[in-house]
Amino acid sequence: MKFTEIPKVEYAIIGGSGTWAGEFPESTGFKGVTVLEKEMEFDTPFGTSQQMKLLELSAEVTADGRPRRLLTVPFHGYHGLAPYNTPSEQIFWVFKEAGVKYIIAEGSVGGINHLLDPGDIVIPHDFVDLTKRPTNIHRFTKNIVRMAQPTCPALRRILTEKAREEYPRVFPRGVYGNSEAPRFETASEIKFMAAAGCDITGHTMIPEVYLARAIGACYASAYLVSNYAEGVEDPSWKGESIFDHYRDSADKIGRVTLSAIAAIEPEHTDCCCKDYLIEVPNTVQNRIEDKQ
């Protein structure tokens, strides 16, 4: 259903394969969440967005004792399995217009680090971008997006705490290697990523992490290790189906993201995310616009 007016909210959850097998948030069992609107589509300069939901967390579960509203979108805004077209740009344009300041994302990844096993949770602090897609970042800001501490340390701490309430093994740091969807990586590509310091690999952190900074929002994400990356285990290893992990994780990951949003204290969030958006002087911006 097309909505012409974008609701004003400061919080957003980007759903991924971690909650793919459930109905978010209805099946999570999280007390204190209400679905206010469903199937919300918005026109954007990049096309019509994936359907979103407008949620409200009750005052009883939020850190500041006030109800808070948030937007959530499934599977990173993709309209299909592959990130064709510009799904991230669509949802981040909506987030920007809504005034979103805090974003929690989730998904699943392949484990590159040999210490990781399927079923672990990793909350990355950095990334390596191996994609070839255009960024379109200039459509969101005229300023320089510096990627020091690309994920918000304050939100990472909250996510770590909430994930440990649901999972026995949670890693509060790691490097996410973002490869090109929709195929998985080869063993040689995984060796390359390991040499670059990557601990996990997936398809969705890019461009979310830098579009969040471009709109002035804090961003952190949690990922379920659903499989060993190619070459990490013997190639004859079949193991459990990644879909078994998805079915097991759906409601747990959903509760992690909701409880993390509820635990944010805007007046006491200590981070430097906004400091890494470097303002470009108007004179320089004007010269750039004149050249276009």
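## Structural briefing: predicted model

The protein exposes about 13,700 Å², of which carbon and sulfur atoms supply 50% (Shrake-Rupley method with a 1.4 Å probe; for residues, only the protein chains shown count as cover). This is a predicted model, in which local features need pLDDT of at least 70 and side-chain atom pairs count only at pLDDT 80 or more, while totals for chains, interfaces and linings use all residues. Residues are numbered from 1 along each chain as its sequence is written, and side-chain values use heavy atoms, with hydrogens and water left out.

**Overall fold**

- The protein contains six helices and 15 strands (DSSP runs numbered from the N terminus: H or I of at least four residues for helices, E of at least two for strands).
- Its C-alpha atoms fill a box of roughly 55 × 50 × 35 Å along the principal axes.
- Of the 292 residues, 52% count as buried (under 20% relative accessible area, 1.4 Å probe, protein chains only).

**Helix 4**

- Helix 4 (residues 205–214) is largely enclosed by the rest of the structure, because 10 of its 10 residues are buried.
- Among these buried residues are Glu-208 and Arg-213.
- Gly-216, which follows helix 4, has a positive phi near 80°.

**Cysteines**

- The count of disulfides is zero (a disulfide being a pair of cysteine sulfur atoms within 2.5 Å).
- The closest cysteine sulfur to that of Cys-152 lies in Cys-273, at 3.8 Å, too far for a bond; Cys-152 is buried, at 0% relative accessible area.
- For Cys-218, the closest cysteine sulfur is in Cys-271, at 3.5 Å, also too far for a bond; Cys-218 is buried, at 1%.

Definitions and conventions: Buried means under 20% relative accessible area, exposed over 50%, partly exposed in between (1.4 Å probe, protein chains only).
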